[in-house]
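Dear colleague,

I am passing on a structure for you to look over, and my notes on it follow directly below. Please read them alongside the coordinates.

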Amino acid sequence: MNWPPINIALLGGTHGNERTGIIVLQQFIHNPDWLKSYSTLSLIPVLANPRAAERNSRYIDCDLNRQFTQSYPPLTNISTALEEARRSGSYEVGRALEIQEQIGAYTQPISFLIDLHSTTSNMGLCLIIPRETPLSIHLCSLVLAEFPDSFVLCENVLPNEDNTSTHLAEEGLVLEIGPVPQGMAQPIPVQILQIAVRLILQALHELIEDHPSTAPPFPPTPELYKNRVVYRWGSSIDYPRDHLGLPRAMIHPDFMGKDGFPLEEGQALFLDAQGNTLRLEASDFIPQDLILALRALRQKNESLVAFFIGEAAYLEKGIAFQVGYAPLYHKSQKT
Ligand SMILES: [Zn+2]
């Protein structure tokens, strides 16, 4: 990345019913002294989806966090692009462009972007990075040192390949916290998220202060990080569904809340309306490939883990839980 990473955007309310991030954003906006304390940073706080936040709903027309599709360099000027977006009739398509313009990310990516989210799943504090870089590993390691139960989810996406908010920056970090019910803010998750954001901003500020012209030599990847990183596997599992397309089962009580735990062949996943337990075995909703991959990884003391288990917003996306790859298999993960 271009050093120093001065231009930074802090987004909250990308999903309008995730109020944790909105409260943290308000704390920054109403505490100008916080912003001033990071004097090396040009930090722009943004309420990403104000209309959805007002309605306390995830979005108005479509998921804002899938609308950051602008190519770099842009094909048209901003006013033409905004006109086209308005013609699309989607509030979020236009809003994505407005955010780009507001933070200065229309013609080229800004240095760094932090996007604040919450989830109904038991993710604890989860740091999501588009790809591993010396800076992202360093920042995640600092947060892990403060919150050792959190984990890092690496998306493994290339620049320009992504359509989420981090597409707008050379590097980015999404902070998720859960479980938090949709539409609610709760003090403890707010406090944790706020501390994590301030840790990251303070670290960026100090890095630039100490190394104003060239990137510092970052230390080797700490064991703490290696123990807590999960790589997006690329697959997700949907609910078993009935002929109308409705879920015909719930997340099993033994599986609920086990985000970050290694998947075990044969474990309970769902409980159907008749009280039958549906297990992790090849079936109409579990591909055989997943079972074979799980067995192969176990022989290497590695594993697949489940995350975003039962996330309420993913029902419409056809996702009951996501599957990730954990290079080190720790029975105690996320205890
Ligand atoms: Zn979200």
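Ala145 counts as exposed because it has 12 C-beta neighbours inside 10 Å; by the definition used here a residue is buried if 20 or more other C-beta atoms lie within 10 Å of its own, exposed if 12 or fewer, and partly exposed in between, with C-beta atoms placed from the backbone. Ala145 is found in helix H6 (residues 134–146), where helices (H or I, at least four residues) and strands (E, at least two) are DSSP runs numbered from the N terminus. Although Ala145 and Leu224 are 79 residues apart in sequence, their C-alpha atoms are 7.7 Å apart in space.

Please bear in mind that this is a predicted model, in which local features need pLDDT of at least 70 and side-chain atom pairs count only at pLDDT 80 or more, while totals for chains, interfaces and linings use all residues. Residues are numbered from 1 along each chain as its sequence is written.

Helix H5 (residues 91–103) is largely enclosed by the rest of the structure, because 10 of its 13 residues are buried. Those buried residues are Tyr91, Glu92, Val93, Gly94, Arg95, Ala96, Leu97, Ile99, Gln100 and Ile103, and they pack against strand E1 (7–12), strand E2 (42–47), helix H3 (50–55), helix H4 (78–88) and strand E3 (110–118), two residues being in contact if their C-beta atoms, placed from the backbone, lie within 7 Å. The end C-alpha atoms of H5 are 18 Å apart, which agrees with the 18 Å that its 13 residues should span at 1.5 Å a residue, the expected span being 1.5 Å times one less than the number of residues. H5 is followed by Gly104, whose phi is positive, near 80 degrees.

H4 and H5 pack at an angle of about 160 degrees, with their axes 8 Å apart; axes are lines fitted to C-alpha atoms, for helices over the stretch in contact, and angles run from 0 to 180 degrees between N-to-C directions. The two helices are therefore roughly antiparallel, given that angles under 35 degrees count as roughly parallel, over 145 as roughly antiparallel, 65 to 115 as roughly perpendicular and the rest as oblique. Their contact is made by Ile78, Ala81, Leu82, Ala85, Arg86 and Ser88 of H4 together with Val93, Gly94, Leu97 and Glu101 of H5.

The axes of helix H1 (residues 19–30) and helix H7 (187–210) come within 9 Å and cross at roughly 55 degrees, which makes H1 oblique to H7. On the H1 side this contact involves Thr20, Gly21, Ile23, Val24 and Gln27, and on the H7 side Pro189, Val190, Leu193, Gln194 and Val197.

A cis peptide bond joins Trp3 and Pro4, with omega about 0 degrees, and Pro4 is found in the segment before E1. The bond from Gly178 to Pro179 is cis as well, with omega near 5 degrees. Asn56, in the loop between H3 and H4, has a positive phi near 55 degrees, and Asn56 is partly exposed, with 14 other C-beta atoms within 10 Å. Asn301 has a positive phi near 60 degrees and lies in the loop between helix H9 (288–299) and strand E11 (303–307); with 10 C-beta neighbours inside 10 Å, Asn301 counts as exposed.

With kind regards
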